[in-house]
Amino acid sequence: MKGFAHGLRILTVVLVVLAFSKLAIIDVFAVVGESEAETEIQKAEAALSSAYVAVLEAEKNGADVSGLLAKLSSGGNFLAEARMRYRNDDFDGAVYYAGLSVESIEGLVGETEQLKALAIAEHKEGFFLTVTGSGVAVIVVVLGSIGAWLLFKRRYFEKVLEMKPEVVEG
Amino acid sequence: MNLDEYRTVFVASGLILGLIVAAPALSFYLPFSGGSERFSEFWLLGPGHMAEDYPFDVSADEGYLVYVGVGNHMGSSVQYSVRVKFRNQSELLPNATAGTPSPLPLLYEYRVFLEDGKTWEAPLTFAFSGVSFVENRSLVENLVINDYVFTVDKLALWDGENNGFYYQLFVELWIYEVASDRFEYHNRFVGIWLNMTGV
């Protein structure tokens, strides 16, 4: 009987320990879920920010970024969804949508670089054509002005020489 | 006119013409600033896309619709965060003088990337659930925004002057600042008053 009571006591202790350790395990998993979700959201946020900065840089160089902005908007909407789910303690959902956000802007930085390079090349070409065209036009204007002036001066002198002095009676 | 005066006219005309034809090339070296003011538009429209027929008398389990919109005139593409918040009469709105947002937590968020000169508009549907009235107080437990349920547990006291239990649904505009690498309040908000009338 004494042995049975002892066994029961041990069983109770084991059950209590198990129950606590289970709670602890669940708690640890919950914390991991939350921190993982936060990490994924921050990763997605950083990816979106750097893609946005790259798009701004391309835009400054004259690239047409409307297509890139549409992709960024899609990524932004997924990220907003991830943040809302995170605030509502839906960490699985948060991780899922943060992943979708990163996926939707994958390759965007490379695409941006290509557009930027294209825009810079177009700008250089435009610059060369404009400066050359303007330079030629300025030379034409200067030479034309000098020519017109010389012609005008010759006509002016001819006209002056053709004039007859007017005699005024005193 | 004598010859010297004619020469002055020729030189002046030549210079003006020269400047005109050189202008395209000069524009690469002398950036002409537009000088126009940079700003963002922000609006809230009723269900018919007009500034009328806004929801006012509201009750539980009924759906309501408004449209929120942004216009970018900031001179380049911008990333906006449009943040929906909900308050009762005693809670703080954004402070326009200090340029600070409302301290209330954001519920729903739209992320918008907008090119300069472009506008964006999206529907904002909302409904209430868990509404109860006790004496001179009303309680809204849940606010549903675009099918997303938010627990708000918001109390409103009876407003004897305006005869109603008043809440405000408002939307703040935030802008992403590249230099600080974060969103900052853009000192713009729009909102509508709602009178909770029934369960």
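**Helix α4 of chain A**

The expected span of a helix is 1.5 Å times one less than its number of residues, where helices are DSSP runs (H or I, at least four residues) numbered from the N terminus. In this predicted model, the 55 residues of α4(A) should therefore span 81 Å at 1.5 Å a residue, and the 79 Å between its end C-alpha atoms agrees with that.

**The interface of chains A and B**

Contact, meaning heavy atoms within 4.5 Å, joins 39 residues of chain A to 35 residues of chain B. Between them the two chains bury about 3,100 Å², 68% of it on carbon and sulfur atoms; this is the accessible area (1.4 Å probe) lost on being put together, summed over both. In chain A, the residues that lose the most area to chain B are A:Y52, A:M84 and A:W149, together 20% of what that side buries.

**Salt bridge across the interface**

The rule finds 1 salt bridge across this interface, taking a side-chain nitrogen of Lys or Arg within 4 Å of a carboxyl oxygen of Asp or Glu. B:R111 forms a salt bridge with A:E45, and their closest N and O atoms are 3.0 Å apart. On the side of chain A that touches chain B, two or more residues each come from α1 (2–60), α2 (66–87) and α4 (108–162), and α4(A) gives the largest share, 16 residues.

**Basis of the values**

Local features need pLDDT of at least 70, and side-chain atom pairs count only at pLDDT 80 or more, whereas totals for chains, interfaces and linings use all residues. Side-chain values use heavy atoms, without hydrogens and water, while residues are numbered from 1 along each chain as its sequence is written and chains are lettered from A in the order in which they are written.
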